[in-house]
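Here is a short report on how the parts of one chain meet. Keep the structure open while reading.

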Amino acid sequence: MYDVIVVGGGHAGCEASHIAAQMGGKVLLVTGNIKNIGDMPCNPSIGGTAKGIIVREVDALGGLMGKIADISHLQIKMLNNSKGPAVRSLRAQADKITYPKNMLKALKNTKNLEIKEAMVEDLIVEDNTIKGVITAEGEKIASKTVILTTGTYLKGNILIGSENTPGGPHGEKRSNYLSEKLKEYGLKIMRLKTGTPQRIKKDSIDFSVMQEEKGDSHYWKFSFDTPYQYKIEDQQSCYLIYTNEKTHEIIRNNLKKSAMYGGYATGIGPRYCPSIEDKIVRFADKERHQLFLEPESIYYDDWYLQGFSTSMPRDVQEQMVHSLKGLENAKITKYAYAIEYDAINPLQVKPSLENKILTNLFTAGQINGTSGYEEAAGQGIMAGINAILKIREEEPLILKRSDAYIGVLIDDLVTKGTIEPYRMLTSRAEFRLLLRSDNADLRLREYAHRVGSITKEQYQNYLTKKEKINKYIEFLKTNHLSLTEENKQIFIKANIELPRPNMTYYDLLKRPGITLEFLEKNFFHYEEDLEILEQVEIEVKYEGYIKKTFKEVEKLLKLEEKEIPEDIDYDKVANLANEARQKLKQIRPETIAQASRISGVNPVDISVLSIYLKKEYNHE
Amino acid sequence: MTDTICAIATGMSVGAISIIRLSGPDAITVVNDLFIEKDLTKVRTHTIHYGHLYDNDILLDEVLVMIMLAPKTYTKENIVEINCHGGINTTTKILETLLKKNVRLATPGEYTKRAFLNGRISLLEAESVNDLINATNDASRIMALNNIGGKLTKQIRDIREKMGKVLANIEVNIDYPEYEDELQVTHDLMHQYLTKFSTDLSLLVDNAKNGKLINNGINVAIIGKPNVGKSSILNFLLDEDKAIVTDIPGTTRDIVEGSITLNGVRINFIDTAGIRETTDTVEQIGVLKSKEKAEKADLVIYVVNNNEELTEEEIKLLDNLKDKEIIILVNKNDLPTKIDVEKIKKYDIVYGNTKNFDGLENLKKAIIEKFELEKIVNNDMSYLSNIRQIDLINKAKEAIDTALKSEKDGMEVDIIEIDLKLAWNLLGELIGDAYTDELVDNIFSNFCLGK
C-alpha cells in the first residue's frame, strides 16, 4: 500500500510527490500523460512579483521548482531591484522543453517515488475516509492518503470564440467524472475560467521594430543550495510592443463574437489576467496596452504574446495580431483560448490542505481555486508535507501569514474563499517586510528541518549562514569610527552628512546614504559573501521598520494561539450576529485570529466567541 | 491581553474630581513618565501618591495617583487611578497625553471583560458583560457613523480615498514593474502627496479640537442693554450667585463665565457688560468685550425689556449678529408690554421674567432644541467616541509625519508606504468603511494589467 497517491503531474503534483517521498513516504504519482509532467501550458516564466518569493520559499522547504528553474531558464531578472528589499522578486523565462525534462529527471531520481500513467476517475471512500483511487480502467490502488492536483483537467473545456471543445491544455484528455464523484461525496464544486494568449512563429516576427528587454547583467538564482549554472551573455531577450487604435477597433467591432462577451462561457475569469477585449472595454480611454513577446524554448520556434489573451474566434485573432507593429506578417502557431474547469470551494479545505469532509484527502493548486505555477507549487509542497505528517500522526505544518507568502496564500483561500482564480500579489501580504526574497531560508529552514523535508547538509548550511550574519552584525556593533580629519574628508567627498564622533559602524549604517559597501571600502576590512552582506545591510538599515512590523505580528500571534475546539457548536454561542454565525459554521476557523479575518465576523462577535470559549472550555 | 488601556472612570459632567483609570502591564510606567515627584515603579501596592503630571514641560494638573499592582485588582492587571481636578478640559488633556504613550482607549465594557477573562469575576456576572458588550458596541458603531458630522465624514473619506489611490498606484508599480505606461510614484511625487495629506490631517485635528460640541461645549453669550436682567438670568441658570447684580446700570464690567450641563453637553455662559454707548473708559472696555464675546459665541441670548421699546441700536446689533444662532429673551413679562414684537419675530423668542423666574426654564428647552441636544445619544458615549476619533486622527497624522521623515531619509517608496498604509487603515477604522480586500479591489478597478 502507498502512503501517498498524488493525482496530477503539474507544478503542485511534482512538489507534493517529491517532498512526500523525500520525507520517507512510499509515493505514487498518477498522471494522464508522463510527457506533460512539469508542463507549462501558459506563460513561459517562473517567478514574478510575489511569485518569485514563493519559489524561494518552496526551495527553503526542500522543494524542486527553484532548482529546476535555475537550470532551465533563458533569462533571469530581479524585479523591483531599485525598490525596497521587501518587494524584490526573481523572474526567469523558463524553457518549456528543458523545464519539464529536468523536472521529470528529478522525480525519476527521487527515492520511494513511482510514476504511473492513468486517468483517475474516482476515489475509494469508506466512512468519509479516503482509502485510495480508481482509474478509468477500473484499477483500484490503495493508499493512506490522496493528494488531488488536477489543475484544469477536471471537466476542462477549451473555448475559442463560440467553439467549445472538451479537453485539457494541448487537447489532452480531461477527467470526466472525478468532479461529479467529489460532488457525490459532499464537496461543493465551482466553475472557473482562465485564458492563454497566441503563440507566434519566430521567423514571421520583425523584431527590429520592437523594444528589446534583456536579462539582468548580474547573476541570480532561486535555489539556496546550488551554484549559478548559466552565463549572463547566453540569456535570450524578450520584446515589448504596444496595441494601437486599429487593434482596438477590430476588437470593438467583433466583441459579440468573443466567448466571454458573446455569452458562451460560464466560468469566472480572473481580474488580474483579463482578456484583451476586457481591457479595451473597461479602460476605453487608454490609447494603447503593453504586450510582450517571450521565447518559449530554444528547441522550437513559438513565441508567447503576453497581454493578448482573448476568447475571439480564429479569423478575428488573425486580424488582431496582424494589426500589431512588427507582427504584420506574423504566423499564428497556436490561437489564444480560454479554458473552463471545475474546482472545489476552498472553504471546505483546512489550513493543512486536508479536506474537511473527506479525511486523508488533500488538494493543491488550481483545484483549490488558485492560478499560477508558483501558487500551485507552494500548495503542493505543503500538501505533501502534511500528508506525511498526518500518516505519522503529527501536528500539521501550518505556515502563518507572518512566516511566508505560502501562509498568506493558504490562509486567504481557506478563510476568505475565492470566486475567481486566486493570484498572489505583494499587496495581499500585510507583513511583506518580513516576507522577503532574500530571507526565505531564514524564515523557513527551521520548520523544514523539524518536519524532515530538508537534508542535514541543507540545515547545516543554513545554521552557518545565520552564524555569519550574527557575527558580522556583532562586529558592526562593537567597532567605532574615529572621526579623524582624513575620515571627515571621505564623508565630505561622498557628499554625506558628517556623523557624530565615535559612532559604531552599526549606527552609521542606519544613517541615510551610508551603505555597507561604503563603510567597508573606506574604514575597515571584513571578508564575507555577498549574500551575507545583503542580509546584514537589510537587517540593520531597516531595523526600525522590521521591529514595527514584528509588533504587528505579535498582536496577530496572540490571537493565533487561541484555538477554537473542533467540536464547537456555534448555535450554542449566544449573541452572535446571524451573518457571523453562518460564516463561522461554514468556515469553522481553527483559531480566533482566523475567525477575525472572515468578512462578516465583527469584533463584537469575536468578543462574544472568546467569552464563550472561556466559559465552555476554560480557554485562556 | 498585553496592551494597556485607559478611560475616564467618572462621568463627563462637571464635578470637583475626575478619575482616569489605566489597566495593563504598562499602566504604572506610562503614568510614571508624566509624574515628577517620585518613581512610581518603586512604590508599594495599593498606595496613594500626591504630585503633578507634566506633558514634557507643560503642567497638566495637580493629582493624587493610586497604584495597585497585579493580581489583587479589579482586572487582575496593574491598575493606576489618577484623581485629577474635574472639568472636561483638564481630564481630556490628561487622557490625550496618555493616549500618545503606549496606551489605547478602552472599549466600552473592556475593564469588566478583562476582569472576567482574567478570572476575576464569575460566570453569572459575565452574562451581563456579554449583553453589555453587545449593546454598547452597537451604540458606539452607530455613533461612529452618525456622530461625526456628515461634513467631517465626507472630508475624512475624501482624504482616505486619495490615500487609497496613491497606495493602489504604489502597489501596481510593485506588482507590475514592467508596465511602464502606468504612472510611477517617485520620491518627488510621494513628497507632494504626503505633504498634502499632512496638511489635510492637521486641519482635521484642529477641527476635531475646536469645532465639536460634545468635546468643547457650546459657548453662549448673554447680551443686552444695561440693567435688562442679564446677570439675574445667568444666576438663575447657574443656580448660584456668581455674577454681581445691582440696580445701577453698567455694574457688570467683567465677563463672568460659568457652565452647566444640558443633555450631557457643556454650556458655557458668558455674562457681558451692558451694550450701550458710554463715555466711561472702564465700561467701554466692557462693551467692546461684549461684542467680541458675541463674535466668539456659538449662541447669543439677546435679552430685551418687555416694558421698553426697542432702540435703533439694539436692532442694529441684532442685524450685525445675523450669522449667529440667536435666542431672544423678552424679560420682565410681568410688566406691561411696550415692545414691538413684530420687529424681532424672525428670531426664536422666549418670554419670562427675572422677578419670579417665570418662563426661564423654557430658555434651557430652547437651547436643547436649537442644538438638537436630545439626539446626542448619551454624554459619556458621545464623548468617548469623540476622543476615539481624535485619537485616531492624531495617530493618522503621526503616521504621515513618520512617512515624511522616511521620505526625507531617502527610504524607498515601498518602505515609506508602510506608514501611509497605516494612516489609511486608521482613517478606515475612523469612518468604519474599511474591508479586508479593499486595496486589491482598488488596484483592479483603477489599473489595467495582466496577461
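How many Å separate the centres of domain 1 of chain A and domain 2 of chain A? The centres, taken over C-alpha atoms, are 26 Å apart. The model is predicted: local features need pLDDT of at least 70, side-chain atom pairs count only at pLDDT 80 or more, and totals for chains, interfaces and linings use all residues. Residues are numbered from 1 along each chain as its sequence is written, and chains are lettered from A in the order in which they are written.

Domain bounds come from an automatic or database domain assignment. Chain A is divided as follows.

| Domain of chain A | Residues |
|---|---|
| domain 1 | 2–192 + 341–451 |
| domain 2 | 199–339 |
| domain 3 | 456–546 |
| domain 4 | 562–617 |

Domain 1 of chain A gives 42 residues to its contact with domain 2 of chain A, and domain 2 gives 42 residues. Contact means C-beta atoms, placed from the backbone, within 7 Å. On the domain 1 side, β4(A) gives the most, with six residues. That side has 18 nonpolar, 13 polar and 11 charged residues. Ala, Val, Leu, Ile, Met, Phe, Trp, Tyr, Cys and Pro count as nonpolar, Asp, Glu, Lys and Arg as charged, and the others, Gly among them, as polar.

Now two helices. Helices (H or I, at least four residues) and strands (E, at least two) are DSSP runs, numbered from the N terminus. The axes of α11 (residues 440–451) and α12 (residues 456–478) of chain A come within 10 Å and cross at roughly 140 degrees. Axes are lines fitted to C-alpha atoms, for helices over the stretch in contact, and angles run from 0 to 180 degrees between N-to-C directions. A:Asp441, A:Leu442, A:Arg445 and A:His449 in α11(A) meet A:Tyr459, A:Tyr462 and A:Lys466 in α12(A).

Notes. Two residues are in contact if their C-beta atoms, placed from the backbone, lie within 7 Å.
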